[in-house]
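Welcome, and please load the model in your viewer. We will go from one selection to the next.

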Amino acid sequence: MKSAVIVGAGLVGSLWAVFLARKGYQVSVYERRPDMRQKGYIGGRSINLAMSERGWKAIEKAGIRPKIEQVAIPMPGRMMHSEAGELTFQAYGKADEAIYSVSRGGLNLELLKIAGEFPNVQFFFQHRCTDVDLDTESITFEDTATGQYKTIEAPLIFATDGAFSAVRYALQKTDRFNYHQHYLEHGYKELSIPPAEGRWFPARSRRPAHLASRQFHDDCPAQRRWQFYLHPLPAL
Ligand SMILES: Cc1cc2nc3c(=O)[nH]c(=O)nc-3n(C[C@H](O)[C@H](O)[C@H](O)COP(=O)(O)OP(=O)(O)OC[C@H]3O[C@@H](n4cnc5c(N)ncnc54)[C@H](O)[C@@H]3O)c2cc1C
């Protein structure tokens, strides 16, 4: 049987495990966090994701569309708040189209569950990738529960370990590997704003995302830059 190692059981890794399992691969998925099926969603971004048609196609192929539809909130467009207080609605698509606000943790959990139903998918949680050796076709993990390191043979590795990918970091040390990283100037802050008393919307009602951009100085109009951007997403 063909075998593959996936590093990272986030949104991409858990979905990819489903697809590889269906293709008949023996799949080993290594994830540095504990198993969220038992421990819940830990760390990372907790805000909802805005999911469009491309995301739905993947969800459908994974076979969990009906489940996710129950918790997805349609957003038909965005309501822009100008500095003068005017509101402008900008549709995301045609009248009956929308993008959907979906719980990131909830989506990841469902993907993990479906991947876990395949007998040819094996998960290793609390396993942090620390190195990849292309010469020996091997990959090293730290079992963060025990502190032990183990190196396994891995001729086929899929790196889905996110923005600070340990696999990519290992590859950066190889000859002629070209890498560029660019940081945004802005920070990021999550706020949770519950609705006012008696202002609950019916679940799954269509709601626009309200966006507001502000700048603190505009002394040079040619260099106007948004200094502040507020992007609320409805959540259940
Ligand atoms: C603030 C913010 C808002 C966003 N909003 C949207 C949105 O509205 N819509 C949208 O489509 N996308 C959005 N994105 C992008 C989206 O989050 C990413 O595209 C998506 O999470 C990428 O999935 P992934 O599986 O590649 O990485 P991740 O979701 O980051 O998963 C990586 C996984 O790898 C694990 N891991 C990391 N390092 C290691 C290691 N060394 N060893 C083992 N495991 C490891 C992590 O624990 C994690 O489980 C947003 C991103 C941010 C930061």
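For this tour, Ala, Val, Leu, Ile, Met, Phe, Trp, Tyr, Cys and Pro count as nonpolar, Asp, Glu, Lys and Arg as charged, and the others, Gly among them, as polar. The model is predicted: local features need pLDDT of at least 70, side-chain atom pairs count only at pLDDT 80 or more, and totals for chains, interfaces and linings use all residues. Residues are numbered from 1 along each chain as its sequence is written.

The shell's residues divide into 10 nonpolar, 5 polar and 6 charged. Now select G8, G10, V12, G162 and A166, which come nearest among the 21 residues around the ligand. Two or more residues each are given by α1, β2, β3 (49–51) and β9 (127–133); helices (H or I, at least four residues) and strands (E, at least two) are DSSP runs, numbered from the N terminus. The most comes from α1, with 3 residues.

Next, show the open sheet, whose 4 strands run in the order β8-β2-β1-β12 with parallel pairing (strands pair if DSSP finds at least two bridges between them). At its edges, β8 (121–125) and β12 (157–159) each pair on one side only.

Zoom in on β1 (residues 3–7), which pairs with β12 over 3 bridges in the parallel sense. Here V7 stands opposite A159 in β12.

Finally, select α1 (residues 11–22): this helix packs on the sheet, touching β1, β2 (26–31), β8 and β12 (contact means C-beta atoms, placed from the backbone, within 7 Å).

Methods
Two residues are in contact if their C-beta atoms, placed from the backbone, lie within 7 Å. Axes are lines fitted to C-alpha atoms, for helices over the stretch in contact, and angles run from 0 to 180 degrees between N-to-C directions. A residue is near a molecule or strand if its C-beta atom, placed from the backbone, lies within 6 Å of it.
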